[in-house]
Structure formats: structure tokens, C-alpha cells
Protein chains: 6
Amino acid sequence: MFTVTVREHLMIAHSLQGEIFGPAQRLHGATYLVDATFQRAELDADNLVVDMALAATELRGIVAALSYRNLDEDPDLAGTNTTTEFLAKVIADRLAARILDGALGKNAQGLTGITVQLHESHIAWASYERTI
Amino acid sequence: MFTVTVREHLMIAHSLQGEIFGPAQRLHGATYLVDATFQRAELDADNLVVDMALAATELRGIVAALSYRNLDEDPDLAGTNTTTEFLAKVIADRLAARILDGALGKNAQGLTGITVQLHESHIAWASYERTI
Amino acid sequence: MFTVTVREHLMIAHSLQGEIFGPAQRLHGATYLVDATFQRAELDADNLVVDMALAATELRGIVAALSYRNLDEDPDLAGTNTTTEFLAKVIADRLAARILDGALGKNAQGLTGITVQLHESHIAWASYERTI
Amino acid sequence: MFTVTVREHLMIAHSLQGEIFGPAQRLHGATYLVDATFQRAELDADNLVVDMALAATELRGIVAALSYRNLDEDPDLAGTNTTTEFLAKVIADRLAARILDGALGKNAQGLTGITVQLHESHIAWASYERTI
Amino acid sequence: MFTVTVREHLMIAHSLQGEIFGPAQRLHGATYLVDATFQRAELDADNLVVDMALAATELRGIVAALSYRNLDEDPDLAGTNTTTEFLAKVIADRLAARILDGALGKNAQGLTGITVQLHESHIAWASYERTI
Amino acid sequence: MFTVTVREHLMIAHSLQGEIFGPAQRLHGATYLVDATFQRAELDADNLVVDMALAATELRGIVAALSYRNLDEDPDLAGTNTTTEFLAKVIADRLAARILDGALGKNAQGLTGITVQLHESHIAWASYERTI
């Protein structure tokens, strides 16, 4: 099994609903380091898991659509608790859709899985892993 | 598959018995960075893997019980080689017991696994993964 | 010259006013890693720059007063551009005031300077250094 | 499942053939951080996954044979695209051969897998995982 | 004193002339993490040390002119030992020239110094600091 | 001003005397990441601050003399509080002595200062800076 990972980051505001969130029920924000890992059983003819430049471009586009926003007002996310683990799934699912759309090239049809890990601080992070 | 990880640290003295350990047979010590990862197939109603504040509190308690001690004199560990990989298991098993006790809340009943990773330096680390 | 540094983190929402800030004019947020460095010419009788536990406690208190908030609505900060470099100064000045108040102990009277560094992502950080 | 990881680094020159590589088709180079992870179901009688000193020595030898070279002129690699993911496999396979040769000791016969991860920068890394 | 730092990276091939360099006399390469720090006594009217987006753009341009190349064949560098500390100076001097050209905006006229730090691995780095 | 830094690590046991140290009065231990920074106004004829291989070798020797020991029983340190900031000075002073002895080569006579930074965990570190 091979993997390739590219890192981006994301800065957003949001609030979380429910007593379990304590002070995070207030409007606050976070920088998330976003690590997108692409999995594949065998390398392609160029000895690649995925075209890293294309992968980085697509991840940057998905991150840019979320960045510098209040997620409480994002039409796709309003009314949802945008926890770190949930946001990892949002980004992984959007990346998977781009792969299926062909945006990462023919090469990317051989990918078998994606993991997205979000660091919210130096002491806490979350991830979501899915097949393609 | 979703995961959430929280980080703590631990400072202990110990010695390791057996020629294979070379200079580490002498009494010395270590700072371990302790990363506890909680796994779960689906998020709960709050969009959480686990209550991160409770998880951090329980990890802190387990780490505090080991911290600032000579493990060679710890009643539970004396006579055992407290290697990094073994200590990862000690902490994972204690966390699993707390989850089963309900200390991480009802929410935590949906957890399926724990991984504990201990960094002993910038060039060496170890981990133990188990089911719950 | 000796220094000691302790790290905390801070999660806030804010917006920045002025065209120069581009998309950061919108309400968004950040996690800041906060590194507070204490400087001193000679160690005290305990071979310390500062009581690290007290220093960490005071830093935690200053950070907690800012955390999980929208800084645009903070009475002390509203109407000000809370850039990373400006927030470094806010925290350094509040720490200096606590030192002068005696909150870090008699020991801390020998401190000669403070530097606060705030990481806003893995690719950008800022700092402010001042005397005491 | 237990793991132990040791880190080395590697500095090489190379070029990559194919339009997909853009400017990396030119002769350039990289520092790779090399993390070799050894997996095992149960600890041995010393409470070890592997003799960490031997593992580090063997990894250092494999890395030294590649270091400070132009991989385009390495007899074993010339004519091959030495992508990060491919080099992860080269190193993992050489480590596996050393384990089977007995170079990591009798202890290492219980190892079940190896993962090699190569960081090429703070924003990109790759890995290869195999059984033994 | 305030500072702001932005990070980029650079991948090059080169060789170093002189017995002191041992195996690094052979053609090899490196990834350098490039941290450019801008210093200033007082913040400007926007509460900034420097327009971070412009600073990042200029650093990216300077890094791109060096990236994915064999520095032994760069007309400006051929015949020179491009050690890590020397490259830190090359990048700092080019950034200073851009500041004096006005490329970082009027705002940047208040800058008093630049430090460039280059990490060549997880165990070695170098820096150069200069006034403007 | 130029600098070069090399990193080593150190694992020791010790205890600290005085109520101010709380639980660290008990015998415990630490891993210290040891960053030794060498300063110099101008590069030498090889474009170097210092022979990095020699610098690393000398640092390794100084660290090895302290490693895998109980510092409470070290003849040079017994009866002294071996705080992180104090150990930074011990290592810096030993490095300075080696430079003056000529162990880092003629090249090293141009060095003007040394800083030693010791990380004791991901949330605390200390340093000592001196002239040569």
C-alpha cells in the first residue's frame, strides 16, 4: 500500500451547539492544518500515487471555499455542528467527488482511499478515512 | 472511520534490564509525548467521536498517576521492562478501562478502538493499538 | 542570558478592517499557538529563570480570558485590528503586568524581558519582545 | 498491534522524467526525513518490538548508501522515476531484506510488517507499507 | 520589537567544494524550509509589521527563481559554495532589495531588519540576519 | 550575523530540591532535545559558520557524557538543581571549552557566541546564550 499526503490550512469562525461543547458554544474560530492522504495499491507508470501538483490544487480549491468564513452562515453547513471530525469528512467527501469527476486526472482512477486529518491545535486533531 | 487524538506528556525515571538495552540499563529517564487516538465508525448526535474535554481529562489523570516517578519503584510496574512500546499498552489499557467504566460518558460507548503513541525523542516513537 | 518558554493555545473569531486584509476582512477565526519566553541575566537561588508552573498558570489565565470569543466584541479590543503581531503585544503586556503585580512570585522580579510568539499556521507566525 | 519507529534523513539529487513533473524534470534535489516503522502483534521477552539500536543502525546503513548522490547515476535506480513514494518502497524493501538476513537479530523474526514514510517538505510526504 | 515570519520551501541540487564537506562534495540535493522574518519597532496604522500576503508573494518569487535547479549551474552562484548559511544570505539580500524597490508596499519602508532561516533537515539549520 | 544549529537529544534521571518544584522533587526524568547554535559575523573561506560535522561530533560527545544517567549521582552535578535552564548552560560552557581547545578546528576561532536551547516537552523549553 502506497500513500501520498499534501498539507493545506484553513482559518474559520464557527460555534458549536450543545452543552457538551462548554465555552466552544460561543462564536470562536480555528486554524486547521489539513492533511489529505491518497491511498493506492500499486504505483502508476510514472511511479506516482497521484499527480501531487493536481492534488494540491484541488485541495487548495476545496479549502479556499471554506476559508475566511463564519461556517455558521455557510449554506451547506448552517445548522450542523462543524466539529473537527465532521469537517474532516466534508473535505474528504469533496476531494472524493473531484477524483470521480476526473479533476485529478486519469491517473487518479487507481486511488482506493482518502484520509483527511485536521489539526486544530498542537494538542488535538481528528481524521476521517473513506474508500473511493 | 473517524478518529480524534489528544496529546499529553509524561516525565519519568526508569532503567531497563537486559544486555540488549546497552547504556539504558542504567537509571535514566524520558519525556514521552502521549497521543491517545479514539476510533469510531460513525459520529454521534453531536457530530463527535468522543467528548474531547472528557478524553483529555481522563488521559491527564492516567498520565499524572505515572508522572514524576521512578517507574522501577511503581508497584504496578516494578520488575517489568517499561519500554516505550510497553508503556503505550499500559496507557491504552487504562484508557479502555475508563471508557468501559463510563468515565468518558455514554457517548464513548460507540468507540471501537484506541491507539496510544509515545514519542520518546524527535527520532524515535512507538505505539499500541487495541479494540474496545 | 537565560530564557524559559511555555506554550499555550488560543482559539478566537475576529475580522480585520482594511483592504490590505483581503478575504480576512470577513469574520473568520484562528488557533494561535502562544509561546511566552521569559528572559533573565542570571539564575535565581533555585537555578530557575522563573517558576515554570506559575508562569504556565498565569499564561493560561490570560489566554482563557481571550479564548472561545469573537474579539470584534471584546470590550478591550473592539475597533482594533487584532492582527497576530498586535495580539502578541496584548499578551506580552498582560504578562508583564502580572509580573509587576507579583503574581509570578518574588523570583520573577529578576526578569528583564518577555517575548510572546503567536503561530497562526504552519507557514506564518509573529512575535513581540519587550523589557520588564 | 505494536509499532516502533526510528527516524533518519537523506539528501539526494535527481530528476524526474515525464511532463507531469513540470519543473521537477530538471535536475534538483531533496532532503527526505525517513521514518521506518516496525510492526508486531506481541512484544518479545524484553518487552520490545525490535532492538531499536539495531534497527537504527540498519536504517542508517541503507540511507547512507543512497545519501549525497545523484540518483540519476545510481546503478540500481538509473532510468527509474525516483519519486518519494517509490523511494519509500526501495527503503522498505531493503529493510525487509536485512530483517530476513537476520541483521536485526532473532528478535526481529516476529515482525509482521514495515512502513516507510518519507517527508519531502513540511507540506508533502509519502509512504509504503508491506508485510514481512 | 515586532516580527512577522512566513515559511516557504526550496528543493535544489548542488555540490560543495573542499575536503571539509566530505561526502557532500558529490552532487546531491536538499529541501530547505525557508523562514523569512521581518522586524519593525512599531506597528503601522493597520497594526501590521508587513503585508503578509505581499511578503509571502515576494518570498515565493525569490524561492521559485532558485527551485528545481542545480545551483552549480546557476549563473549567479556557480563557483560559490552554496552552504545553508550562504543561501540564507542570498535570500535575505534579495528580499531586502525587493523591500527597497517598494515591492512590499509603502508599509514596508518601516522595516528595520530581516532574518532568513533555512532548515536543511530535522537536525540542522542556519540563519542570516541583516538590517534594512 | 550568521548562525548554524545542530540538534541532539539526551535522556536522564534527576530530582529537583525545593518546594517550588512540586512533584518534580521526586526522582523522575526527561528527554531533552538539545539545539546548539553557533554565531559568527562573517563566513569563512568555505562559506561556513562552523564545520557542521565537527560541531555535531563534539555536541554528541558532550551529550553522551550526560546521557542515560541519574544526574543526582554525577560527580560534577550532584547537589545542584539541574533545571533545564541550568543544563543549557552546562552544555554551552562545555561546547565553548571545546572550541577554545581547538576541537572544532581553526575555522571555529571566528565564532563569537553560542546558544543552547533544551526542549523538555512540546510545551516547555529553555536556553542559555553566551559569548566565546
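Visitor: Over how many bridges do β5(B) and strand β1 (residues 2–14) of chain D pair?

Guide: Welcome! This is a predicted model, where local features need pLDDT of at least 70, side-chain atom pairs count only at pLDDT 80 or more, and totals for chains, interfaces and linings use all residues, while side-chain values use heavy atoms, with hydrogens and water left out. Residues are numbered from 1 along each chain as its sequence is written, and chains are lettered from A and ligands numbered from 1 in the order in which they are written. Strands (DSSP runs of E, at least two residues) and helices (H or I, at least four) are numbered from the N terminus, and two strands pair if DSSP finds at least two bridges between them; for β5(B) and β1(D), running in the antiparallel sense, the number of bridges is five.

Visitor: Which residue of β1(D) stands opposite Tyr128(B)?

Guide: Tyr128(B) looks across the chain boundary to strand β1(D). The residue facing Tyr128(B) there is Phe2(D).

Visitor: Which residues of chain B lose the most area to chain D?

Guide: Contact means heavy atoms within 4.5 Å, and here 18 residues from chain B meet 16 residues from chain D. About 1500 Å² is buried between these chains, with carbon and sulfur atoms giving 55%; buried area is the accessible area (1.4 Å probe) that two parts lose on being put together, summed over both. On the chain B side, three residues together account for 43% of what that side buries: Ile20(B), Glu85(B) and Trp125(B).

Visitor: Which element gives the most residues to the side of chain B that touches chain D?

Guide: Seven residue pairs are in polar contact between chain B and chain D, both at pLDDT 80 or more; such a contact is a pair of N or O atoms within 3.5 Å, where, within protein, one must be able to donate a hydrogen and the other to accept it, and residues adjacent in sequence count only if both atoms are side-chain atoms. Two or more residues of this side come from each of α2 (84–101) and β5 (124–131) of chain B. With six residues, the element giving the most is β5(B).

Visitor: What rotation superposes chain C on chain A?

Guide: In general, two copies of a chain are related by a rotation about an axis and a shift along it. For chain C and chain A the shift is 0.0 Å and the RMSD is 0.0 Å. The two copies are thus related as by a two-fold rotation axis, with a rotation of 180°.

Visitor: Which strand gives the most residues to the side of chain C that touches chain A?

Guide: Here 23 residues of chain C are in contact with 23 residues of chain A, and the buried area is about 1900 Å², of which carbon and sulfur atoms give 64%. Eleven residue pairs are in polar contact across this interface, both at pLDDT 80 or more. On the chain C side, β1 (2–14), β2 (28–40), β3 (69–70) and β4 (113–121) each supply at least two residues. The strand giving the most, with six residues, is β1(C).

Visitor: How many salt bridges does the structure hold over all chains?

Guide: A salt bridge is a side-chain nitrogen of Lys or Arg within 4 Å of a carboxyl oxygen of Asp or Glu. One example inside a chain joins Glu58(A) and Arg98(A) at 2.6 Å, N to O, linking helix α1 (residues 52–66) to helix α2 (residues 84–100) across 40 residues of chain A. Over all chains, the number is 42.

Visitor: What is the bridge partner of Tyr128(E) in β1(F)?

Guide: Within chain E, strands β4 (residues 113–121) and β5 (residues 124–131) run antiparallel over eight bridges, and a hairpin of two residues joins them. Tyr128(E) is there the partner of Val116(E). β5(E) also has five bridges to the antiparallel strand β1 (residues 2–14) of chain F, where the partner of Tyr128(E) is Phe2(F).

Definitions and conventions: Copies are superposed by least squares on the C-alpha atoms of residues with pLDDT of at least 70 in both.
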